[in-house]
Amino acid sequence: LPPVATASALLPRKAVVAGGASSCGIAQGAVCWGNGELTLSAVEGTAGLTEISVGRGHACGLLAGGRAVCWGDNKAGQLGDGSVKPSTTAVAVLGDLSFTAISAGSNHTCGLAGGKVWCWGKGGEGQLGNGSHSDQKKPVAVKGGRSFVAISSGGSHSCAVAADGKAFCWGDGFSGQLGFGGQEQQAEPIDVSGGLKFSRIAAGGLHSCGLTTAGKAWCWGSNEHGQVGDGSKSDRASPQAVSTTQTFTEIVAGQGFSCGLAEGGGAFCWGANRAGQLGAGSKLDRTKPVPVGAGGFTSISAGDGHACGMAGGIGLCWGRNDKGQLGDGSTAQRGAPAPVKGE
């Protein structure tokens with residue numbers, strides 16, 4: 001890695017994103033920590049990064065002009081460079097595509113280019129949406145011919161919002177995370193039931209959430225920890241209204257928990273909380289949203305057992321920290337947001 005003058009030069013100033021057991025942020029380029037690494041490490045080949053997404057063992061980002069790059073694990077081709085070789089440096093995703101959004105799932109990745117969704121990596125559960133169950137080492141177009149405006153990759157499924165506000169999901173549906181009322185796998189996009197119009201979508205481990213155009217949160221799928229947010233712990237195969245009066249501007253779904261960014265900068269989370277990933281100062285699961293113990297957030301993200309966000313230009317993380325994924329230089333769990341230090 002190239003030398004840096006001070007540790008503070010690596011601190012994320014533009015974004016911080018949680019995923020799996022690691023996190024990444026944007027300084028001058030990408031910096032990542034976790035998975036056993038307690039200090040921040042610069043990622044070669046990411047100078048000028050404008051967007052970043054972190055999966056379970058890999059991460060991807062967008063450079064100026066929409067060029068996509070990925071790094072990390074690559075056993076299923078989730079880096080999109082035509083190989084299955086892992087890479088500690090960023091490699092270019094194949095194809096002459098200009099992406100406007102990118103989302104890294106557990107072992108697959110999807111991106112939005114020209115209104116179409118393209119996916120690559122593990123495809124065994126149909127999560128690539130191209131009608132097959134085969135892994136793909138470079139981007140393949142999701143079937144259906146629709147125009148999409150938002151995309152999210154989850155554990156073994158993916159979801160997207162079409163230009164008309166309709167939501168579609170595909171891949172593993174065993175826990176109802178596809179939202180069409182059934183539990184079967186779908187290798188092509190299927191309508192999320194309920195006739196709701198969404199602006200944002202989030203695919204988690206075994207559940208999904210979306211924001212309507214009015215900023216109201218709805219979730220569906222596995223609900224053993226209360227991650228659907230409707231006050232119950234029963235799985236839901238179709239969208240359920242999250243039990244809150246809050247209006248949200250962003251929503252994210254992790255492994256067994258969900259979070260939303262409310263108007264005004266307040267953050268709220270619900271679901272699994274064994275590691276304090278709800279940021280509410282306790283370790284009790286919550287079936288309805290509870291406020292995160294900090295305010296002024298401009299972004300929020302969720303990993304397997306931790307969450308991160310930006311507030312006042314500072315990266316904050318909380319929850320599970322056994323792999324150093326909070327970036328505070330320790331492996332101690334945090335039940336409330338703590339600044340990323342990397343030292």
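What follows is a short chat on disulfides and ring pairs.

Me: Before the details, what kind of model is this?
Reply: This is a predicted model, where local features need pLDDT of at least 70, side-chain atom pairs count only at pLDDT 80 or more, and totals for chains, interfaces and linings use all residues. Residues are numbered from 1 along each chain as its sequence is written, and side-chain values use heavy atoms, with hydrogens and water left out.

Me: How many disulfides turn up in the whole structure?
Reply: The search finds 7, a disulfide being a pair of cysteine sulfur atoms within 2.5 Å.

Me: What is the sulfur distance for Cys-24 and Cys-32?
Reply: Their sulfur atoms are 2.0 Å apart. The link of Cys-24 and Cys-32 is right-handed, with 100° about the S-S bond.

Me: Are those two buried or exposed?
Reply: Cys-24 counts as buried at 3% relative accessibility, and Cys-32 is buried with a relative accessible area of 15%. Buried means under 20% relative accessible area, exposed over 50%, and partly exposed in between, with a 1.4 Å probe and protein chains only.

Me: Which cysteine is joined to Cys-110?
Reply: Cys-119, with an S to S distance of 2.1 Å. The angle about the S-S bond is 105°, and the link of Cys-110 and Cys-119 is right-handed. Cys-110 is buried at 0% relative accessibility, and Cys-119 is buried at 0% too.

Me: And what about Cys-308 and Cys-317, how are they linked?
Reply: Cys-308 and Cys-317 form a disulfide with sulfur atoms 2.1 Å apart. Their link is right-handed, with 105° about the S-S bond. At 0% relative accessibility, Cys-308 counts as buried, and Cys-317 has 0% and is buried as well.

Me: Switching to aromatics. How many pairs are there?
Reply: The whole structure has 6 aromatic pairs. Rings of Phe, Tyr and Trp (its six-membered ring) pair if their centres lie within 6.5 Å; planes under 30 degrees apart count as stacked, over 60 as edge-to-face and the rest as tilted.

Me: Why is the pair of Phe-248 and Trp-270 called tilted?
Reply: Because their planes are at 45°; the ring centres lie 6.1 Å apart.

Me: Where do the two sit?
Reply: Phe-248 lies in strand S21 (residues 248-253) and Trp-270 in strand S23 (residues 267-271), so the pair ties together parts 22 residues apart in sequence. Strands (E, at least two residues) are DSSP runs, numbered from the N terminus. Phe-248 and Trp-270 are both buried.

Me: Which residues make up the cluster?
Reply: Phe-248, Phe-268 and Trp-270, linked by ring pairs.

Conventions. Helix = DSSP H or I, 4+ residues; strand = E, 2+ residues; numbered from the N terminus.
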